[in-house]
Amino acid sequence: MTKLSVNINKIATLRNSRGGNTPNVVQFAKDVQRFGAEGVTIHPRPDERHITYQDAYDLKPVVHTEYNIEGNPIPKFMDMVLELQPTQVTLVPDSIDTLTSNAGWDTLKNKGFLTEVIAEFKKKGIRTSIFVDPDLAQIEGAKATGTDRIELYTEAFAHEYSLGNQNAIQPYTACAELANSLGLGVNAGHDLSLDNIQFFKQNMPGLLEVSIGHALVSESLYLGIENVINMYKNKLQ
């Protein structure tokens with residue numbers, strides 16, 4: 001079964017919009033695990049507009065499933081990850097002013113940089129994943145960096161699927177097949193939702209983990225977080 005990791009950035013966004021500590025991101029992380037999520041994902045950005053670096057430290061003692069920290073490996077981010085030693089670090093090429101992740105790494109042009117960064121994390125026993133577009137050359141490039149996994153950037157699939165284009169899954173299936181043959185683990189995330197997750201899962205061989213935040217939190221406003229987590233888990237079987 002594919003693991004569900006809940007990205008809790010949106011909970012921090014809601015908290016920060018009012019100040020104080022409501023909703024409490026630490027309690028939310030505890031709850032999503034209690035409701036059945038197999039992981040917690042955070043993506044602290046340099047301006048700390050949602051999840052803060054302090055949140056990353058506060059969450060460490062309570063995440064007893066898989067702790068996945070995403071981000072651009074700038075020095076501050078790397079220092080934090082090396083100190084916290086989460087289960088997984090997912091490298092994302094965000095610029096400072098990016099609203100949300102909008103592209104994967106060019107693993108060919110950035111091979112040297114990614115190889116050095118990944119080696120540092122793997123020395124500490126941290127599983128590494130690279131955020132990539134569904135392009136076969138980029139999957140091969142990712143393999144050359146020494147990463148453990150890739151995370152496929154799924155916005156294009158989600159958009160096309162919402163328009164009725166089921167063929168949009170084809171490049172993702174091909175990338176998963178290639179990654180499997182190369183010994184790379186396959187994760188996925190961005191705009192996956194209750195509407196598309198089952199179709200996506202059924203067409204993705206060897207899909208190990210999905211990281212879902214915006215859609216899951218939005219759906220929970222209507223359906224409740226415990227119910228939504230169980231709905232995802234049923235669709236991911």
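Colleague: Which residues of helix 2 are buried?
Modeller: This is a predicted model. Helix 2 covers residues 25–34 and is mostly covered, with seven of its ten residues buried. Those buried residues are V25, V26, F28, A29, D31, V32 and Q33.

Colleague: What do the buried residues of helix 2 pack against?
Modeller: Both strands and helices take part. The strands are strand 1 and strand 2. The helices are helix 1, helix 3 and helix 11.

Colleague: Is A12 buried or exposed?
Modeller: A12 lies in helix 1, residues 9–18. Leaving aside residues up to four places away in sequence, A12 touches V25, H50 and I51. Its relative accessible area is 0%, and the cut-off for buried is under 20%. So A12 is buried.

Colleague: How far apart are the C-alpha atoms of A12 and T22?
Modeller: A12 belongs to helix 1. T22 is ten residues from A12 along the chain. Their C-alpha atoms are separated by 8.8 Å.

Colleague: In what order do the strands of the closed barrel run?
Modeller: The barrel has eight strands, and the pairing is parallel. From one strand to the next, the twist averages 25°. The order is 1-2-3-4-5-6-7-8.

Colleague: Which residue of strand 2 is the bridge partner of S5?
Modeller: Strand 1 spans residues 3–7 and strand 2 spans residues 39–42. The two pair in the parallel sense over three bridges. In strand 2, S5 has as its bridge partner G39.

Colleague: Which residues of strand 2 point the other way from G39 and T41?
Modeller: In a regular strand, side chains alternate between the two faces of the sheet. G39 and T41 point one way from strand 2, and they are buried. The residues pointing the other way are buried too. They are V40 and I42.

Colleague: Through which helix does the chain cross from strand 2 to strand 3?
Modeller: Four bridges join strand 2 to strand 3. The β-α-β crossover between them is right-handed. The chain passes through residues 53–59, helix 3.

Colleague: Why is strand 5 largely enclosed by the rest of the structure?
Modeller: Strand 5 covers residues 127–132. On one side, R127, S129 and F131 are buried. On the other, T128, I130 and V132 are buried. Strand 5 is largely enclosed because the buried count is six of the six residues.

Colleague: Which helix forms a β-α-β unit with strand 5 and strand 6?
Modeller: Strand 5 and strand 6 pair in the parallel sense. The β-α-β unit they belong to is right-handed. Its helix spans residues 136–145 and is helix 6.

Colleague: Are helix 4 and helix 5 roughly parallel or roughly antiparallel?
Modeller: Helix 4, residues 75–84, and helix 5, residues 111–123, have axes 9 Å apart and pack at about 25°. The contact is made by M78, V81 and L82 of helix 4 and V117, E120 and F121 of helix 5. Helix 4 passes helix 5 in a right-handed crossing. Angles under 35 degrees count as roughly parallel, so the pair is roughly parallel.

Colleague: At roughly what angle do the axes of helix 10 and helix 11 cross?
Modeller: Helix 10 is residues 214–223 and helix 11 is residues 225–235. Their axes come within 8 Å. The contact residues include A215 and L216 of helix 10 and I225 and N227 of helix 11. The crossing is right-handed, and its angle is roughly 125°.

How values were computed. Residues are numbered from 1 along each chain as its sequence is written. This is a predicted model: local features need pLDDT of at least 70, side-chain atom pairs count only at pLDDT 80 or more; totals for chains, interfaces and linings use all residues. Side-chain values use heavy atoms; hydrogens and water are left out. Buried means under 20% relative accessible area, exposed over 50%, partly exposed in between (1.4 Å probe, protein chains only). Two strands pair if DSSP finds at least two bridges between them. A crossover is right-handed if, with the strands pointing away from the viewer, the path from the first strand over the helix to the second runs clockwise. Axes are lines fitted to C-alpha atoms, for helices over the stretch in contact, and angles run from 0 to 180 degrees between N-to-C directions. Angles under 35 degrees count as roughly parallel, over 145 as roughly antiparallel, 65 to 115 as roughly perpendicular and the rest as oblique. A crossing is left-handed if the near helix is turned anticlockwise from the far one by less than a right angle, and right-handed if clockwise. Contact means heavy atoms within 4.5 Å.
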